Amino acid sequence: MRLTAEQQNALDLFGTGTSLAIEAGAGTGKTSTLRALAESTSRRGQYIAFNKAIVMEAREKMPRTVRSHTAHALAMASVGNRFRHRLNSERIKSWQLAQMLQVDSIGVQAPQGYKNISASYLAGLTMRAVVRFCQSADTEPQRRHVPIIEGIDHANPNGYKGGPNNDQVAAYLLPFVKRAWADVSSPTGKLPYRHDHYLKLWQLSGPKIGADFILFDECQDANPVMLAIVEAQTHAQRVFVGDSQQQIYSFTGAVNALQRIRDTGAPVSFLTQSFRFGPEVADMANRVLSMLDAELRLIGTDTIPSVIQPVADPNVILSRTNAIAVRNVLSAVREGKRVALVGGGSEIVSFARAAERLMEGGKVEHPDLACFDSWAEVQEYVTEDAQGSELRLMVDLIDDFTVPVILEALDTTVAENGADLIVSTAHKSKGREWGKVRLGEDFPEDPKGDFDEELRLLYVAVTRAKLELDIESVALLNEDKRRGELPLNLI
């Protein structure tokens with residue numbers, strides 16, 4: 001393989017034996033670069049990534065001196081086999097969990113009035129806290145691992161969603177979280193078991209990976225527990241690989257391992273020549289990177305005739321939110337198109353069924369709706385409470401289309417290989433590429449909240465296109481295009 005100057009620079013840095021970071025922009029030949037590194041030495045290597053599909057691709061392309069695994073596969077081989085029988089256990093309902101953990105209901109004085117938080121909901125929250133602990137680098141469960149409950153505290157001006165009531169819930173649940181963790185740490189435990197559990201046990205065991213160098217891929221969105229495992233491998237040369245500007249999961253607690261290794265003074269190599277698209281798409285991606293004040297800039301391939309223009313028949317429509325994705329599915333189905341929804345609609349179906357239950361006067365355990373006594377209360381929350389903005393699109397979707405229509409539309413979706421149109425959120429499009437891409441109308445317009453994360457998501461969406469990119473619905477990019485400059489508040 002003929003290497004570019006940037007790829008050769010990465011190879012030269014690797015040859016020094018020092019740990020390093022490789023900032024690889026969208027479509028810049030990351031996998032072929034890593035293969036060149038691996039083929040340049042007879043040392044033993046270990047390729048690690050979170051996504052199984054990426055690992056399988058690496059397994060086909062890496063030399064025999066390099067093993068390729070997910071972190072979970074390594075953990076399973078080391079400690080997880082003792083728990084394999086627990087992974088296939090029957091589902092346990094939340095009310096049963098409450099009995100097993102001996103969790104009782106508690107009451108709080110919420111903005112909408114007194115709220116009784118059921119024991120079954122609190123038991124489910126306890127198990128979610130265990131998962132959050134397992135995804136962290138912490139050595140024992142803490143109050144901060146208990147998820148925030150929407151709507152039980154007054155809005156906070158700085159955007160923090162907690163408050164006295166959430167603090168009370170976290171303090172009450174911490175002993176139960178520790179009890180649950182003790183259960184899942186035992187092969188004879190009875191609670192539901194997840195892959196996150198044995199991965200955490202592996203990290204706490206202080207593992208040593210048997211390799212001379214480690215290629216840690218897609219590490220801009222690493223779980224803290226995975227980062228802790230790799231950082232502890234001080235006996236090996238570590239290569240942290242990814243694109244810092246594609247860090248789009250920080251809201252889940254993910255961390256940018258690339259930045260962490262760069263902060264130690266480790267050398268960095270950039271890959272900026274994209275082989276996915278031509279100069280026009282690269283220029284549009286660079287507009288977004290400019291707004292982020294990113295160090296990275298992309299160079300398009302001159303021989304790829306990419307264009308920015310309205311696209312009448314896109315291969316895919318990308319949106320920021322699930323709600324707009326469903327709207328796009330509904331619109332396309334009404335036009336008689338066969339539509340595929342990337343990742344399926346299970347999250348939306350779950351929300352819709354919970355909403356329907358609330359409308360019927362029942363209580364629900366859906367994490368976004370469990371603290372509401374009626375659908376009218378949810379509607380009031382998203383309209384009047386500053387903390388309700390994240391739910392507003394889903395609530396509007398339910399109100400505009402009704403639950404039966406939404407469920408029917410999602411039930412008619414097809415597999416991608418039989419679809420006339422693919423619909424996806426930008427999050428679920430990561431790692432994918434299509435010839436003709438249209439962006440939805442729900443990408444950011446103004447700097448509000450964590451605007452950098454929103455812009456990074458827009459960067460991911462823009463760089464999925466190979467030949468045609470339609471940005472007509474993205475007000476921010478259209479304004480830039482008309483004025484020929486960035487808005488003053490983004491310079």
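Let's start at Lys 115, which sits in strand S5 (residues 113–117) of what is a predicted model. Is this lysine buried or exposed? Its relative accessibility is 5%, so Lys 115 counts as buried, the cut-off being under 20%. Setting aside neighbours within four places in sequence, the contacts of Lys 115 include Ile 106, Gly 107, Val 108 and Ala 110, and also Cys 371, Phe 372, Asp 373 and Glu 377.

From here we can turn to the aromatic rings. A pair of such rings is described by the distance of the centres and the angle of the planes. The structure holds five aromatic pairs, and two of them are worth a visit.

Phe 216 is in strand S6 (residues 213–216) and Phe 240 in strand S7 (residues 237–242), so that the pair links distant parts of the chain, 24 residues apart. With relative accessibility of 1%, Phe 216 counts as buried; Phe 240, at 2%, counts as buried too.

Which residues touch the most other members of the largest nonpolar core? Among its 63 residues they are Ile 117, Val 169, Phe 216 and Phe 240. Helix H6 supplies the largest share of this core, 10 residues. Beyond four places in sequence, the residues that Phe 240 touches include Leu 20, Ala 21, Ile 22, Phe 216, Leu 227 and Ile 261. A second, separate core has 40 residues, including Ile 248, Tyr 459, Leu 469 and Leu 477.

Our last stop is helix H12 (residues 322–334). Its 13 residues reach 18 Å from the first C-alpha to the last, close to the 18 Å expected at 1.5 Å a residue. Among the buried residues of H12 are Ile 324, Val 326, Asn 328 and Leu 330. Just after H12 comes Gly 336, with a positive phi of about 85°.

How values were computed
Residues numbered from 1 in each chain as written. Predicted model: local features only at pLDDT ≥ 70, side-chain atom pairs only at ≥ 80, totals over all residues. Heavy atoms only, no water. Phe/Tyr/Trp six-rings, centres within 6.5 Å; stacked < 30°, edge-to-face > 60°. Helix = DSSP H or I, 4+ residues; strand = E, 2+ residues; numbered from the N terminus. Buried < 20%, exposed > 50% of the residue type's maximum accessible area, 1.4 Å probe, protein only. Contact = heavy atoms within 4.5 Å. Expected span 1.5 Å × (residues − 1). Core = buried A, V, L, I, M, F, W, Y, C linked by side-chain atoms within 4.5 Å.
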